[in-house]
Amino acid sequence: MSQPTKAQQVLAQRALARRRLLHFTKLTHPRYSAGWVHDDVCKRLERFSQAVADGKSPRLMLLMPPRHGKSELASIRFPAWHLGQHPHHELINVGYNLDLPMGFSRKVREIFRDPIYQNVFPDARLDPDSQSVEKWNTTAGGGFTAAGRGGGITGKGAHILIVDDPIKDQEEADSVLVRDKLWDWYQSTAYTRLAPGGGVLVIQTWWNDDDLAGRLQQQMALIGKDDSPEGIDDFEIIKYPALSEQFEYRDNETLEITRFAEEQPPSELQLLRPKDFCLHEDRYPTPALKRIRANLQPRIWSALYQQNPVPDEGMYFKKDYFRYVHALPSTHGQRIYTA
């Protein structure tokens, strides 16, 4: 059998990039270092994209540690890839301030202008009369809008609402006022921009158990209860701890990730990583992460890197444990703690 010509190889690469987000990412960003976690994110985004196209109102939450390439995929390559498939769709990208999504918008727009992209998606073109960084359109009527948390996006629609890192830092995460304002803005402004059947993608580092990701999960906890409102958003929630706490496996058909305390025998599940292993070795190998862990407060490590924020009230002594009494109880045989 004769070897494929260079032209045939190029055509095959383009066809693969149209179908697969990770291949599209590698084609348009050859230096992007991808591991299993990026393959996993891309497969979930592909499924999310199709659900949006089918009008199924998908909800997806990806919780990842900082500096692991989440925004490059979710806020830059994915919008470009999805708009290539559906140039009539509108996307809104939200960050903790306007500068962050404006930077994403600029990069997505640059991808659109790249001849490589135009060869992959010949029907997706920028509207020459609407190319500002804050909001630009395609010739098919879709487009990309950048918005900062708390900003106005009235009059703009979204087949996909992307919320990428709505909390800036630990100080904001610890502020009840900031968290309340973010929640109110998400509900009253951002969420109301969704088109019928549109999708919500939340991708962030989980700073606080009461931030946007936390409150969405608290709301989901009401699903199925007798007094719960009908139609609460049910997010697919995927947490990627920087260091694995158990053996992690994936069902490649359903993409469900399962964790076991001990290594399991070979089966239909794919081993993603063993216990106490890094998320992506090319970026942060295991020894580097352990060094970071040794130099951070446990609360910060648990939240930022393990996606397991400790509640403000602490891990051991909960507010509900304390009771007011009119008389001191007997201390005989009891352990006494003071604080």
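Here is a short chat about the sheet and helices of this predicted model.

Student: Before we start, what kind of model is this, and how are residues numbered?
Tutor: It is predicted, so to speak of local features we need pLDDT of at least 70, side-chain atom pairs count only at pLDDT 80 or more, and totals for chains, interfaces and linings use all residues. Residues are numbered from 1 along each chain as its sequence is written, and side-chain values use heavy atoms, with hydrogens and water left out.

Student: Great. What's the strand order in the open sheet?
Tutor: The order of the 8 strands is β3-β4-β5-β2-β6-β7-β1-β8, with mixed pairing. Strands (E, at least two residues) and helices (H or I, at least four) are DSSP runs numbered from the N terminus, and two strands pair if DSSP finds at least two bridges between them.

Student: Which strands are at the edges?
Tutor: β3 (126-131) and β8 (236-239), each pairing on one side only.

Student: How do β4 and β5 run, parallel or antiparallel?
Tutor: Antiparallel, with 3 bridges joining β4 (residues 135-138) to β5 (residues 143-148). Asparagine 137 sits opposite glycine 143 in β5.

Student: Switching to helices, where do α8 and α9 meet?
Tutor: Arg179, Asp180, Leu182, Trp183, Tyr186 and Gln187 in α8 contact Leu212, Arg215, Leu216 and Gln219 in α9, where contact means heavy atoms within 4.5 Å.

Student: And at what angle do they cross?
Tutor: Roughly 65 degrees, with the axes coming within 10 Å. Axes are lines fitted to C-alpha atoms, for helices over the stretch in contact, and angles run from 0 to 180 degrees between N-to-C directions.

Student: Which strands does α3 lie across?
Tutor: Helix α3 (residues 36-53) lies across β1, β6, β7 and β8, at about 160 degrees to β1.
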